Amino acid sequence: MGKATNGEACATEGQHLASGREHASARALEVRGLSFSYPGGRQLFDDLSVRIEPGERVAFIAPSGFGKTTLCRILAGYLAPDEGSVLVDGAALPLRGVCPVQLIGQHPETMVDPRMRMRAIMEEAGPVGDEIVQGLGIHEAWMSRHPHELSGGELQRFCIARALAANPRYLICDETTAMFDAVAQDEIWRFLVEFTQRHEMGLVLVSHSPSLVDRVATRVVKLTDLDE
Ligand SMILES: Nc1ncnc2c1ncn2[C@@H]1O[C@H](COP(=O)(O)OP(=O)(O)OP(=O)(O)O)[C@@H](O)[C@H]1O
């Protein structure tokens, strides 16, 4: 996913993270009238609309294969809808500059350039404060390594740090902590909930763990109820 183009908006991972840290304060992340199917595939969404307010933590619930990951990728501008739009504070996702919607997926190895060292990867969007580094338990000794010299969980901590450093208005967490043990998962979510609350960031959560959803989400959206 890291280097893949992603449709009409926020066209590459680089553009997701490049330059500007400033966006107008967003009042909602919305998808309106979304229809989408992969080429040759069945229709995943037909006129789906959903809205996430700043500061909300919304869990998307649906059966496996329904399209949760696809919806996350559309919200973050990696895939363009066939019909409908994604709006942040009433405006389309920007074509250039930093994307106000940052996606942290389940497979961090697909989100990084394997030739880069971890500090450079983490700082793709700009400097990363000690609060984020410490809050995510990132060790100084990992900074000079390449991605293949870290565990999946260690690499994921860098991907989370990089997304937060982009100063997004909305964070999309698609099975972001599935590779962590219970203690590490708890540590990461404790930090993410506190950080997003303090920065009034909206958060979308996709997880197959009901206890995680219970703990983190302020609202649960059953996608099956929206897409009828
Ligand atoms: N790049 C792709 N090209 C074609 N079909 C795809 C592609 N990615 C996903 N699909 C299909 O789209 C459907 C939705 O996939 P998606 O990964 O969004 O579902 P999901 O709800 O996140 O599933 P899970 O809970 O199992 O992770 C699936 O049937 C899948 O096979």
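Colleague: How many bridges join β6 to strand β7, and in which sense do the two run?

Modeller: Strands of a sheet pair through backbone hydrogen bonds, either parallel or antiparallel. In this predicted model, β6 and strand β7 (residues 170-174) run parallel and are joined by 4 bridges, and L103 has I172 in β7 as its bridge partner. Two strands count as paired if DSSP finds at least two bridges between them, while strands (E, at least two residues) and helices (H or I, at least four) are DSSP runs numbered from the N terminus. Residues are numbered from 1 along each chain as its sequence is written. Because the model is predicted, local features need pLDDT of at least 70 and side-chain atom pairs count only at pLDDT 80 or more, whereas totals for chains, interfaces and linings use all residues.

Colleague: What is the order of the open sheet of 5 strands with parallel pairing?

Modeller: The order is β6-β7-β8-β3-β9. The edges are taken by β6 (101-104) and β9 (219-222), each with a single partner strand, so one side of each has no neighbour in the sheet. Neighbouring strands here are turned by 20° against each other on average, direction ignored.

Colleague: Which strands make up the open sheet with antiparallel pairing?

Modeller: That open sheet has 4 strands in the order β2-β1-β4-β5. Its edges are β2 and β5 (91-92), each with a single partner strand, and therefore one side of each is left without a neighbour in the sheet. Strand β1 (residues 29-37) and strand β2 (residues 43-52) pair over 6 bridges in the antiparallel sense, with L34 opposite L48 and E30 opposite R51. The two strands form a hairpin with 5 residues between them, and G40 in the turn has a positive phi of about 80°.

Colleague: Which residues surround the ligand?

Modeller: The shell holds Y38, G41, L44, A62, S64, G65, F66, G67, K68, T69 and T70, a residue being near if its C-beta atom, placed from the backbone, lies within 6 Å. Helix α2 (residues 68-75) gives the largest share, 3 residues. The shell divides into 4 nonpolar, 6 polar and 1 charged, where Ala, Val, Leu, Ile, Met, Phe, Trp, Tyr, Cys and Pro count as nonpolar, Asp, Glu, Lys and Arg as charged, and the others, Gly among them, as polar.

Colleague: Over which residues is the pLDDT below 50?

Modeller: Where pLDDT is low, the predicted coordinates should not be read in detail. The pLDDT, the predictor's confidence in each residue from 0 to 100, averages 89 for the protein, with 88% of the residues scoring at least 70. Over residues 1-9 the pLDDT is below 50, and over residues 18-26 the pLDDT is also below 50.

Key: Contact = placed C-beta atoms within 7 Å. Axes fitted to C-alpha atoms, helices over the stretch in contact; angles between N-to-C directions.
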